[in-house]
Amino acid sequence: MDSTRYDVAIIGAGISGIAAAKFYLDIHPKCNLIILEKDASVGGVWNQSRVFDTFYTQSPLGTWEYSDMPMPQPPEQDIFNGVFKAKYTSHYLNDYIDRHLYAGQTMRQRTSFNFHVQHVNKDNGEWTISGKDARGEVVLHSSKLIVASGLTSVPNMPFLPG
């Protein structure tokens, strides 16, 4: 079992997890921060594995983007009634984490992909995060924890009799 210590651990590399990491790293660029992502790519709902060609965003261009990096205008053929194909959000988020460098590391380099968090516990002011990744069972320790796992990552279908 591998065990590692961090200053900050962020669960989730979607829109909110990326924003939390950027904000914290802007203030503390040399901190030992890790982003734990259960999928193979960033983006949450907008990650590359969930985006297909006919999947469009729900917000027009310019209503959602990070303030320090405008989202490029998609080609006109990929815009319909002001909304655009979701693949451009996925590309944008990937570009974003690759372009943000803190203490010699991009946000992508600080992300552990395919990490499945199984248990989180706080004891004596320290967070313990247990999970699995390609190495097997992993236990991480962190003085700070941000949970940005999203609400729409796992389908929740209600049972409707009849």
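Let's start with Ala9. Ala9 is buried, at a relative accessible area of 1%. Buried here means under 20% relative accessible area, exposed means over 50%, and partly exposed is in between, with a 1.4 Å probe and protein chains only. Ala9 sits in strand S1, residues 2-11. Helices (H or I, at least four residues) and strands (E, at least two) are DSSP runs, numbered from the N terminus.

What does Ala9 touch, leaving aside its neighbours within four places in sequence? The partners are Ile34, Ile129, Ser142, Lys144, Leu145 and Ile146. Contact means heavy atoms within 4.5 Å. Now a distance. Ala9 and Gly82 are separated by 73 residues in sequence, and their C-alpha atoms lie 36 Å apart in space.

A word on the source. This is a predicted model, in which local features need pLDDT of at least 70 and side-chain atom pairs count only at pLDDT 80 or more, while totals for chains, interfaces and linings use all residues. Residues are numbered from 1 along each chain as its sequence is written, and side-chain values use heavy atoms, with hydrogens and water left out.

Now the whole chain. The protein chain has two helices and ten strands. From the N terminus, the order is β-α-β-β-β-α-β-β-β-β-β-β. Along the principal axes, the C-alpha atoms fill a box of roughly 55 × 55 × 25 Å. Of the 162 residues, 41% are buried. Take the contacts with a separation of 6 or more: residues 24 or more positions apart account for 61% of them.

On to the helices. H1 covers residues 15-27. At 1.5 Å a residue, its 13 residues should span 18 Å, and the end C-alpha atoms are 19 Å apart, which agrees. The expected span is 1.5 Å times one less than the number of residues. The buried residues of H1 are Gly17, Ile18, Ala20, Ala21, Lys22, Tyr24 and Leu25.

H2 is residues 87-99. H2 also has 13 residues, and from first C-alpha to last it reaches 18 Å, close to the 18 Å expected. In H2, Tyr88, Thr89, Ser90, Tyr92, Leu93, Asn94, Tyr96 and Ile97 are buried. Their cover includes H1, strand S4 (83-84) and strand S6 (105-106).

How do H1 and H2 pack? Their angle is about 20°, and their axes are 11 Å apart. Axes are lines fitted to C-alpha atoms, for helices over the stretch in contact, and angles run from 0 to 180 degrees between N-to-C directions. H1 and H2 are therefore roughly parallel to each other. The cut-offs: under 35 degrees is roughly parallel, over 145 roughly antiparallel, 65 to 115 roughly perpendicular, and the rest oblique. H1 contributes Ile15, Ile18 and Lys22 to the contact, and H2 contributes Leu93, Tyr96 and Ile97. By class, that is five nonpolar residues, no polar and one charged. Nonpolar covers Ala, Val, Leu, Ile, Met, Phe, Trp, Tyr, Cys and Pro; charged covers Asp, Glu, Lys and Arg; the others, Gly among them, are polar.

Next, Leu33. Leu33 lies in strand S2, residues 33-36. Its relative accessibility is 3%, so Leu33 counts as buried. Leu33 and Gln105 are 72 residues apart along the chain, with C-alpha atoms separated by 10 Å.

Then Asp39. Asp39 is in the loop between S2 and S3. Is Asp39 buried or exposed? Buried, with a relative accessible area of 17%. Leaving aside neighbours within four places in sequence, Asp39 is in contact with Asn47, Arg50, Phe113 and Asn114. Asp39 and Gly12 are 27 residues apart in sequence, and 9.1 Å apart in space, C-alpha to C-alpha.

Last, backbone. Most residues other than glycine have a negative phi. Asn81 has a positive phi of about 50°, and is not a glycine. Asn81 is in the loop between strand S3 (79-80) and S4. Asn81 is exposed, at 69% relative accessible area. Asn124 has a positive phi too, near 55°. Asn124 is in the loop between strand S8 (116-123) and strand S9 (126-133). Asn124 is exposed as well, with a relative accessible area of 76%.
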